[in-house]
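Please look at the structure shown here. The questions that follow ask what lies behind the terms used to describe it.

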Amino acid sequence: MGSCCGCCGKTEEENKKLNKASFNDELKDGPVSKRGCTDIFCLPIFIIAQVVFIVVTIAGLSDGDPTKLYKPRDYQGAYCGVDENWNDGPVTTDQPMLSYTMNVTSAVDTMMKQLVCSSIAQQALVEGASGISPLITSVDEQNDYLCDCCITPCTKCTGSLEVGGDLTTGSSLQSTITSRMSDLTSTSTDSVSSLFSPSGSNGDLFSATSFWNEATKYFNQVCLPDCNTNFNNINTTAESQLRNYTYTPAPDDALYGPWQYLLNAPENDLTSEIVATITSAFTFKALPKSVCPYEAAQCVPFPGMEFSEIASGLNRCQFELAAEVVSAVGSAAAASFSSLGGEAFANAASSSFGEWMGDFLQTLDSFFVVSTLAFVVGIVFLVLLRFFIGFCVWLSVGATVFFFFLGGLMAFVRSGQCANADFFDSGTQTVVAVAVAASTAATNAVTGTETVSEALTGDGQDYRGVQTYTKLGLGCAKWDEQTVMSDYTSTNYPNSSLTANYCRNPYNDGDWHKASTIWCITDDPETKWQECLPIGVIQPECDGGYAVSSENARKALEICAYIIWGIGGVWILIIFCLFNRIRLAIALNKVAAQFLSTNVTVVLVPAIQAVIGILWCVAWMAGASFLLSQVPSGYTPTESYATYEEAYGTTSSCAFWEFGDGCSATPGACNNKWPTGSVWKDTDCGTGTTAKCWKCYPPRYVLDVRFACSFFVFLWNNAFNVALGQMIIAMAVSLWFFSQDKGKVSASFVRRGVKTVFRYHLGTVAFGSFIIAVVQFIRYLMKYFEKQAAAQKNRVMVLVLKIMQCCIWCLENFLKFLNKNAYIQTALLGTNFCTSAKKAFYLILRNAIRFATAAALTGAVYLVGFVCIMAGTTVLGYFVVRGMHDEINPVIPVISYIAMSYVVSKLFMNVFNLAVSTCLQCFLVCEEMAEKGHTFEDIPSVMKKWVKSNIKSKGSKDEAK
């Protein structure tokens, strides 16, 4: 009996050489029958882990709130529909819907700049008039103003501001700004229609496609009682509580100072109309606090906009247009719908989804029929696989050779493809050139014909070679016998050597019509003539340039082509060298297919595993959600910051391999650790000399020690579930492999396998899965550290941690492979995990090429099985649904059949894959035991032949020595 900690002590096995058999005589009758419990002391540890998980989860139930993981959040990170928000945020108990109000700052930014930067405002601020001093007296402030308004060239600007035109007088300023602002501040139908009309005073802004493509910046995400909360549908009590909001630029806005100068300016001929406009035109009506629990600035509805819930229960709203403005919007509405999900798009999507679900539900009976047929298709495939697996494998091997050739050819053709030339035509040209050159060389070698010069200079008038095919492989007609272009004969062109059907470029001195290179008249009636290449010229020069302009890139492609062809050549040699091993792998696949076709109930093992895995994942996620949602109150700072960079940090646009001063970045106060918080801008920027408007809000979730504990148990249980299925299947296959023929068509092997594993080897399953869970946990821990390094803008550490994750991933996959084979050893020998893993490791080393060959070919069969089962099920499903529900569109039902057949094919092929691995180890047991003189009469006949053949071959080699 082994233990979780002490099963890895030294044994005599460590002293055996790798090239000697290591199986005991007790395997002569198959898997050992006298077994003991293995790794039994691992089970209490496994149970303790489950208890710890339950305790941690129950403790988290009292403090966590899973709704925070999915509840909608407003612009400042506050949750909708809760009694209390982080950092004394708004109480949104009666506001469960995430809807939208106007972002006044963005909406009026253009009008504000048009006012402040107008000629009349410039005169009042920096120039003054007769008897009127300028409002800004500091030269530095005047220069800042001129630069901020882009009135004079400066580094902030690329040209004058485009704000709808200049305003040169007080009266024009008052009428223009008042007209434009009234579209936003008024709630009348006429004003709303004018706002979006291309001919309205704001037609250059709100009817433009650019507005709709960037519409989200003109809205605040806020929590409201329902999606369509606006002035028209609030009750009378709330209407009496409407608030007023007078716009002013944010204190950190560059034009805040000039705006304040104008707002507080003494009335005179320059300023009176400006002040009147600022104090009256920029005042909005805002929803009452009882409806919209924010400052008035965030509670101004956008005129002409309505909203509806995306789907019932989501508590999220989507954009719509009021009926009175649809006609004014025109084609711009389509752009808004595309980018924002407007009414027409949403209705179409919901309608389509509803129809899809309706089609599926109406054809549910056919779905169950097709599900049954999918299992039938899987069984039929495995039965046929016993007879056609050799063909499938050799076809796959041939396909790999073909793809090596094709991959090299594509790289080679691309390296010489001319600009504006079709890739297929270039490939055809290359293949024809090679074929003609090879054919000519072979013919000359056989007939002893002297090789003719294929020299060509300039336009090819001097070419006297023997090319008889065009670039694209069309045959050439004889010059003196063709009638397509009767002028081109040896009589008319005596100096061009128009002999037989060789390509030439015939013309006489003074001719106007001249080809650029050699050509011939083809024997294809659809193509009169076509250019040729001299024999041996595979890739001609491209006078008009190449498709790949870089010479280095073309050379790299050419080198890659040679490398691919070289690897293909080596692969062909490997195939010849491994010919017998490939045949052995084919035999193993046949035996595995025989096992599955006679023991179909084994497929229930992974099916039950899948159900258990899904239920466990659901249960774990429910418990983990309480742990994840417990974000501490001090996780992100509560202070305010003067700039966005202070709060959010800076980013780098450099690629991961680029370093230097220009690639540096700094973390912000809000997101300097992971999970990261985010940033929002408050209207209250403090009372200090420096405006501090930027604030933080926390993430939805955090990861702490309690979650780490829960996550490790999640990984361990998942690995345990997988390992248990592998052990049961390995046990069933090994029992079947050594049983007598008359008992091989039976479900008892699966039952016996389940009974043996649960009685003796659950400790081994727990131990093996524990190792996998530890490695996976370390890999995810490295991912966590990578995220922390990324939050700290530490690019070097991010790269280091990525590399470490890659190495750990490789280790994880190696251990999974070793564990799988260790479970097979446990099924055969009844040994504990460490001993089984050691035996499996040595076995793999002794038979590395066999394992590699079997794995590669099983992978190919695995893919073929996927395609065949899915294709067969889908085709049958189409005919079933058409026969049972001819009136239903078959698209959605067929898609559901594809998804279902994928699951079924995965169940069959995963079991098949493990069955092959088990059969391979059983065969190796027989082979090594046969060296000791044992015979195995009950193993599958195919394997019996291979055992005898290999022993005979080895005996012949020993005699030769």
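Q: Which residues lie nearest the centre of the largest pocket, and how many residues line it?
A: Gln-609, Val-722, Gln-726, Lys-820 and Asn-910 lie nearest the centre, among 39 lining residues. The model is predicted, so local features need pLDDT of at least 70 and side-chain atom pairs count only at pLDDT 80 or more, while totals for chains, interfaces and linings use all residues. Residues are numbered from 1 along each chain as its sequence is written, and side-chain values use heavy atoms, with hydrogens and water left out.

Q: What makes a set of grid points a pocket, and what makes a residue part of its lining?
A: On a 1 Å grid over the protein atoms alone, a pocket is an open set of points with protein on both sides within 12 Å along at least five of seven lines, and a lining residue has an atom within 4 Å of a point. The volume of the largest pocket is about 1200 Å³.

Q: Which helix supplies the largest share of the lining of the largest pocket?
A: Helix α27 does, with ten residues. Helices are DSSP runs (H or I, at least four residues), numbered from the N terminus.

Q: Why is the contact between Lys-555 and Glu-558 called a salt bridge?
A: The term requires a side-chain nitrogen of Lys or Arg within 4 Å of a carboxyl oxygen of Asp or Glu. The N to O distance here is 4.0 Å, and the pair is listed as a salt bridge. Both residues lie in helix α17, three residues apart, about one turn of the helix.

Q: Why is Lys-555 called partly exposed?
A: Buried means under 20% relative accessible area, exposed over 50%, and partly exposed in between (1.4 Å probe, protein chains only). Lys-555 has a relative accessible area of 48%, and is therefore partly exposed.

Q: How do you know that Glu-927 and Arg-850 form a salt bridge?
A: Their closest N and O atoms are 2.5 Å apart, so the pair meets the distance limit for a salt bridge.

Q: Why do Glu-927 and Arg-850 count as buried?
A: Glu-927 has 8% relative accessibility and Arg-850 has 16%, so both fall under the limit for buried residues.

Q: What joins Arg-779, Glu-812 and Lys-816 into one network?
A: Salt bridges that share partners join these three residues. One of them pairs the side chains of Arg-779 and Glu-812 (2.8 Å, N to O).

Definitions and conventions
1 Å grid on protein atoms, 1.4 Å probe; cavity = no way out; pocket = protein on both sides within 12 Å on 5 of 7 lines; lining within 4 Å. Points joined across faces, edges and corners; volume = space filled by probe spheres on them. Helix = DSSP H or I, 4+ residues; strand = E, 2+ residues; numbered from the N terminus.
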